[in-house]
Structures are given as structure tokens and as C-alpha cells.
Amino acid sequence: SFPTRRSSDLTMAKITVNESCIGCGTCVGVAPDVFEMNDEGLSSVIGDDVDSAKEAAESCPVEAIEVED
């Protein structure tokens, strides 16, 4: 088994999920190539498609997704 990674431990490109994440899964629905739900029920970054990440960030109800250009 793989060690559990907190969302703050994995950053790809310039996409991050901050501690505001409530685990609603909206980002996974919008950008499944960029986000997945981790073992803690929170979002983790798994891809680097900045355009998809921006769309997910706009959809996030708690503004937990940060995308830097």
C-alpha cells in the first residue's frame, strides 16, 4: 500500500489544493484528469492541466484550489 498523502503534500505544475478543502468532489467532477479524492476524503492534485484546473477552481464552493500562471 502507498503512504497517504495530504493534499498539501502533492503539487504538480502550479496547481494546489489548500486546507479549505471540504471534500465535496466538485473538482473531480469538473477535472478528473487533475484531481482525485484521497484517503482522507479531500482533493489531491494528480495532473497538470492548468485550463481544467482553472475551471475546477471557479467551481470550487470554498475556493480551495489555487492555480498560478
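For sorting a lining, I count Ala, Val, Leu, Ile, Met, Phe, Trp, Tyr, Cys and Pro as nonpolar, Asp, Glu, Lys and Arg as charged, and the others, Gly among them, as polar. By that scheme the lining of the largest cavity divides into ten nonpolar, four polar and no charged residues.

The model is predicted, so I note that local features need pLDDT of at least 70 and side-chain atom pairs count only at pLDDT 80 or more, while totals for chains, interfaces and linings use all residues. Residues are numbered from 1 along each chain as its sequence is written, and side-chain values use heavy atoms, with hydrogens and water left out.

Next I looked up the chain, and found two helices and four strands (DSSP runs, H or I of at least four residues for helices and E of at least two for strands, numbered from the N terminus). Along the sequence these follow the pattern β-α-β-β-α-β.

I then turned to Ser59, which sits in helix 2 (residues 50–59) and is partly exposed, with a relative accessible area of 32%. Leaving aside neighbours within four places in sequence, Ser59 is in contact with Thr26 and Val30, where contact means heavy atoms within 4.5 Å. The C-alpha atoms of Ser59 and Val30 are separated by 7.9 Å, although the two are 29 residues apart along the chain.

Notes
Buried means under 20% relative accessible area, exposed over 50%, partly exposed in between (1.4 Å probe, protein chains only).
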